[in-house]
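Hi everyone, thanks for coming along. Let's have a look at a structure together, taking it one piece at a time.

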Amino acid sequence: MKEFQFIHINEAANEFHLSNQAVSYIFRVDPTTHQLEQLYFGKKIQHRKSFFYLVERENRPANNLYEGNHTSSLEHIKQEYPSFGTTDFRYPAHQIKWPSGDQVTHLEYASYTISKGKPTLEGLPATYVDSKEEAETLTIILKDIYSELEVQLNYTIFSTFSAITRSACFINRGTTTIQLENAMSASVDFPDADFELLHLNGAWARETHVERKALHTGLQSVSSARGASSHAHNPFMALVRPETTELNGEVYGFSLIYSGNFTAQVEVDTYHVTRAMLGINPFRFNWQLNEGDFFQTPEAVLVYSDAGLNGMSQTYHELYRTRLARGRWRDKERPILINNWEATYFDFNEEKILEIARNGAELGMELFVLDDGWFGKRDDDTSSLGDWVEDKTKLSNGIKGLSEKIHQLGLKFGLWFEPEMVSKNTPLHDEHSDWVIGVPGKNISHGRNQFVLDFSRPEVVDSIFQQMDAILHDAQVDYIKWDMNRYISEAYSDALPPEQQGEVYHRYILGVYELYERLITKYPDILFESCAGGGARNDPGMLYYAPQAWASDDTDAVERLKIQYGTSMVYPLSSIGSHVSAVPNHQVGRVTSMDIRSNVAYFGTFGYEMDITTLSDADKESIRHHIQFFKKHRALVQQGTFYRLESPFDGNTVAWMLVSKDQSEALVGYYQILATPNPAYERLKLTGLNPETMYIVEPINQSRYGDDLMAIGLLFADDVTNGIEPTWKFNRHGDFTSNMFYLKSNDSLEDKKWE
Ligand code: GLA
């Protein structure tokens, strides 16, 4: 038996056990069928010589692989990477069309390799290690018994995360060309179906709403066929035990590091086995594998938690913040930005921009971002995408001149691009109308008056790189907001033959990744923020290139409670773009206080998106104060452990908190959406604190032990214990109220001092 640090292998029984302090993942090779058989995925269990006792077989009617053998049905084996076409009638993890037209593939286990660390996935975003000691990777090699097709299944286990990453690579070692029609990144068969399916559902301006429903027999899935991960669903799902809450119970998270069409699917079979799989959406996908070609799937990240949904989220947060996001900005505190979009829309000139920036600098902001409308002749959304040359009628000194002036104000300078798009009547469109995605001779649908450039073509990616490079080379740009404001329809590339049209969506995303890679390589100091009409591409794939993402175009504080609550299921706060905007709010018309707008936006990258030149002195004063507050707590926000406490999807109050790694400080946000007459007493139990530590709670100036705050909680009743005022004289707080509490440990404090 070979023992690696995190991977145990029983060579004789062909059993594989991946485990660290948190998680165990066990499978074996079934000696009869030579298939990988899933034995256990969940809380870490001790290793032992053999887990054979976990093999379950019942005498069931079935189609069997081998004559004379009645237990060789794949339908009754819990599998790791199932095929379709022989004896398993559930949905498969892969599908290949052979030259004859048949779709029977029979992969069998061949061998394995183990490596320290974690190899990169060529051309694709993936989690990584900083040193080889951080992880081990097991590669299982499967071979088709009828051909020279090889499939490699990669499993990585990290030393510290309760996570397993998986991906698959298809290699055509033969001479015939084959069509890959489905290639999931991961598939796991669970022995029971006592789960609820949780996922993030939405639309423009109401992204990442949490939905949770009991599993039922049959198929259920979320997916995208829009060319982007999309506003509608996120490439994520969780299988949650019915009794699981934010703080307790079992959860299995499935997250795909990918930005294009995906499927997250669960199938509960008639024996209540739950098959969960995740990968590129097989609908409208195919990939031609010629002799020697390989196809690498995106990476799936499987997280196990027995500490509720927060436990799952905290693993994703830490893993994605430190081992998916990359570059110089990964661990750096992110600048507080002011963006001119909602302040000016397309109507601005250099003078107006500088006035906003000047005000921003005075208030303590750190980065000015010039949004849409600076290039071509773009006075509305009907023109100029793809013409990345500054509009001198608006910006007389060009981007270079403006960037210098912004820098002189002591601010960093950021710029908006929408690199993947083109408008009609631009030089780019006139010269290269075949660079637009669409079927020649058929209508090409527009989205926001714009058309999608065919990023599956390297020359298109190259041409946009040249244009962006010309601006970035010249001007002092510290930040880029990379937008993408429509979905792909009529997916067809003029550059691909008919049998490869199913490759367009994936090749497109590879082109997007390629452009990102070229830009971050050449400009490593630039901070990228991804955006897609708000959160249409708020996915782990983007995080590899852009460490932050604009969560939604909806900046209303109340709506943002839901959006940010849902986003935090998977994504770290350091990645959640959240800004304070004007009232009445531009998306819903709601009027909320400056306080609640800040108290919500603090739980993300924090910034402003409003015309700060027209604010009252009182508003400016409160912004100044909020900025100071955020600067003081920024490290805690971006690196602390985040806990969701009360969900906006369940009631009228919402709460969440951050605790520093050493538990010496915490920040609590508590929000009440509507005022209630004659209210009941409200208390909020905190979590994650050190039970023995004495904390000072600001601004209420209480000293409380951690155990007391976690067992009893903060109390919210108005303090009228000494009052003799009649009820009609009480000050009512109104709708949309919030409280922020800052807790700092101070063990030297005596209880009495504060009483
Ligand atoms: C999208 C973005 C907005 C803004 C506009 C500009 O909608 O999400 O933040 O940049 O485009 O056109």
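**Salt bridges, a ligand and a buried Asp**

Let's start with Arg-330, which counts as buried because its relative accessibility is 14%; buried means under 20% relative accessible area, exposed means over 50%, and partly exposed is in between, using a 1.4 Å probe and protein chains only. Before going on, please note that this is a predicted model, where local features need pLDDT of at least 70, side-chain atom pairs count only at pLDDT 80 or more, and totals for chains, interfaces and linings use all residues. Residues are numbered from 1 along each chain as its sequence is written, and side-chain values use heavy atoms, leaving out hydrogens and water.

Arg-330 forms a salt bridge with Asp-331, 3.1 Å from N to O. That term means a side-chain nitrogen of Lys or Arg within 4 Å of a carboxyl oxygen of Asp or Glu. Asp-331 has 41% relative accessibility, so Asp-331 counts as partly exposed.

How many salt bridges does the structure hold? There are 49. One of them joins the side chains of Glu-134 and Arg-323 at 2.8 Å, N to O. Glu-134 sits in the loop between β7 (107–116) and β8 (135–144), and Arg-323 in helix α1 (residues 308–323), so this pair ties together parts 189 residues apart in sequence. Helices here are DSSP runs of H or I with at least four residues, strands are runs of E with at least two, and both are numbered from the N terminus. Both Glu-134 and Arg-323 are buried.

Another salt bridge, 3.0 Å from N to O, brings Lys-405 and Glu-350 together. This pair links helix α4 to helix α3, with the two residues 55 apart.

Now for the ligand. One of its oxygen atoms is 2.4 Å from an N or O atom in the side chain of Asp-553. For Arg-448, the corresponding distance to a ligand oxygen is 2.8 Å, and for Asp-483 it is 2.9 Å.

Last stop: Asp-454, in the loop between β26 (451–452) and α6 (458–474). The side chain of Asp-454 does make a polar contact with that of Ser-456, at 2.5 Å. A polar contact is a pair of N or O atoms within 3.5 Å; within protein, one must be able to donate a hydrogen and the other to accept it, and residues adjacent in sequence count only if both atoms are side-chain atoms.
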